[in-house]
Amino acid sequence: MTRRLISAIAFLSFCFLFSNNAWAQFSDYSELNLFGAGSIYDTNHFQLGFPQSAVPIPGQLKFNSQFRTGVRFGMYMHGHWGEEVFYSYEPNTMRIIQGASTKDFHVQINNYGVNALYYLAETEEHSILPFVSAGIGGTFYHVRPESLAFARDPAGGNYPDMNNANELAFNFGAGIKTHSKGWFGVRADVRDFIGRSPSFGIPRNSINPTAIVLPAGGALNNFEGSVGVIFYFGRQLR
């Protein structure tokens with residue numbers, strides 16, 4: 001599943017950025033955005049129920065608010081439209097709470113994908129460009145080796161099936177770009193990433209009363225606010 005998802009996103013990104021129209025404009029209308037961002041997650045509330053427990057046990061899966069860094073490579077396509085591929089990285093701690101039990105696991109969170117941008121102004125010859133955007137990609141959760149060892153230890157985390165996770169993710173947001181008379185600018189974004197809550201290979205449910213499960217289903221929202229610098233290739237404001 002992970003390999004197929006990554007391959008599909010890479011193929012979409014390739015087609016999106018390197019269409020015939022994109023190739024014609026590559027040298028004149030491409031840009032590189034390096035950014036830092038604050039990342040806030042909502043909490044997934046769940047219940048551990050029958051047959052693992054005769055009495056429902058409340059639980060939570062949550063991530064810390066964290067700082068992430070990333071890069072976006074995009075092209076302006078004339079008129080109102082642009083497109084970009086993106087990647088971001090952050091270290092984080094996942095906390096699983098079930099009743100009186102609290103367990104922490106260190107993870108590395110990687111967001112990637114492709115976005116379409118719609119500029120409110122029809123021409124790029126503006127020093128300030130507000131825009132809205134939306135796209136598709138994935139979130140790859142890499143569990144640190146020491147946390148995997150702890151998770152698979154019956155006397156530790158007691159999650160023998162825990163592994164890395166890769167989930168399809170949609171995102172939408174809005175932002176603003178500035179463009180100086182040189183090749184530089186500034187960009188600020190607010191964005192919401194929406195994907196399935198990861199289970200890290202742990203079964204979400206089982207008819208086996210002795211099975212270790214993590215019934216954290218539904219969607220996980222990740223809110224991002226970012227700011228960074230833009231390097232414009234091949235074009236300057238007149």
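Here is a friendly conversation about the spaces, cores and backbone of this predicted model.

Me: How do you know which residues and atoms count here?
Reply: Residues are numbered from 1 along each chain as its sequence is written, and side-chain values use heavy atoms, with hydrogens and water left out. This is a predicted model, where local features need pLDDT of at least 70 and side-chain atom pairs count only at pLDDT 80 or more, while totals for chains, interfaces and linings use all residues.

Me: What makes up the protein in helices and strands?
Reply: The protein has 3 helices and 10 strands. Helices (H or I, at least four residues) and strands (E, at least two) are DSSP runs, numbered from the N terminus. Along the sequence the pattern reads α-α-β-β-β-β-β-β-β-α-β-β-β.

Me: Why is Phe 200 called buried?
Reply: Buried means under 20% relative accessible area, exposed over 50%, and partly exposed in between, using a 1.4 Å probe and protein chains only. Phe 200 has 1% relative accessibility, so Phe 200 counts as buried. Across the protein, buried residues make up 45% of the 238 residues.

Me: And what makes the phi of Phe 200 worth a look?
Reply: Most residues other than glycine have a negative phi. Phe 200 is not a glycine, yet its phi is positive, about 55°. You can find Phe 200 in the loop between S9 and S10.

Me: Why is Asn 158 called partly exposed?
Reply: Its relative accessible area is 30%, so Asn 158 falls in the partly exposed class. Asn 158 also has a positive phi, near 60°, and is not a glycine. Asn 158 sits in the loop between H3 and S8.

Me: What makes the peptide bond from Phe 50 to Pro 51 stand out?
Reply: Most peptide bonds are trans. The bond from Phe 50 to Pro 51 is cis, with omega near 10°. Pro 51 belongs to the loop between strand S2 (44–48) and S3.

Me: What makes a group of residues a nonpolar core?
Reply: A nonpolar core is a set of buried Ala, Val, Leu, Ile, Met, Phe, Trp, Tyr and Cys residues joined through side-chain atoms within 4.5 Å. The largest nonpolar core has 21 residues, of which Phe 63, Met 94, Met 162 and Phe 200 touch the most other members. Strand S3 (57–63), S5, S6, S7 and helix H3 (145–152) each give two or more residues to this core, and S6 gives the most, with 3 residues. Apart from this core lies another, of 7 residues, among them Tyr 76 and Leu 117.

Me: How do you know which residues Met 94 is in contact with?
Reply: Contact means heavy atoms within 4.5 Å. Leaving aside neighbours within four places in sequence, the contacts of Met 94 include Leu 61, Phe 63, Phe 105, Met 162 and Phe 200. For the protein, among contacts between residues at least 6 apart in sequence, 72% join residues at least 24 apart.

Me: Why is a space called a cavity rather than a pocket?
Reply: On a 1 Å grid over the protein atoms alone, a cavity is a set of points where a 1.4 Å probe fits but cannot get out, whereas a pocket is an open set with protein on both sides within 12 Å along at least five of seven lines; lining residues have an atom within 4 Å of a point. Grid points are joined across faces, edges and corners, and a volume is the space filled by probe spheres set on the points. The whole structure has 2 cavities of 30 Å³ or more. The largest cavity holds about 80 Å³, and of its 13 lining residues the closest to its centre are Thr 139, Tyr 141, Gly 195, Leu 220 and Asn 222. S9 supplies the largest share of that lining, 4 residues. The second largest cavity has a volume of about 50 Å³, and its lining includes Phe 35, Arg 72 and Glu 224.

Me: What makes a lining residue of the largest pocket nonpolar, polar or charged?
Reply: Ala, Val, Leu, Ile, Met, Phe, Trp, Tyr, Cys and Pro count as nonpolar, Asp, Glu, Lys and Arg as charged, and the others, Gly among them, as polar. The lining of the largest pocket divides into 6 nonpolar, 5 polar and 1 charged. Its residues include Leu 48, Lys 103 and Asn 158, and the pocket holds about 190 Å³.
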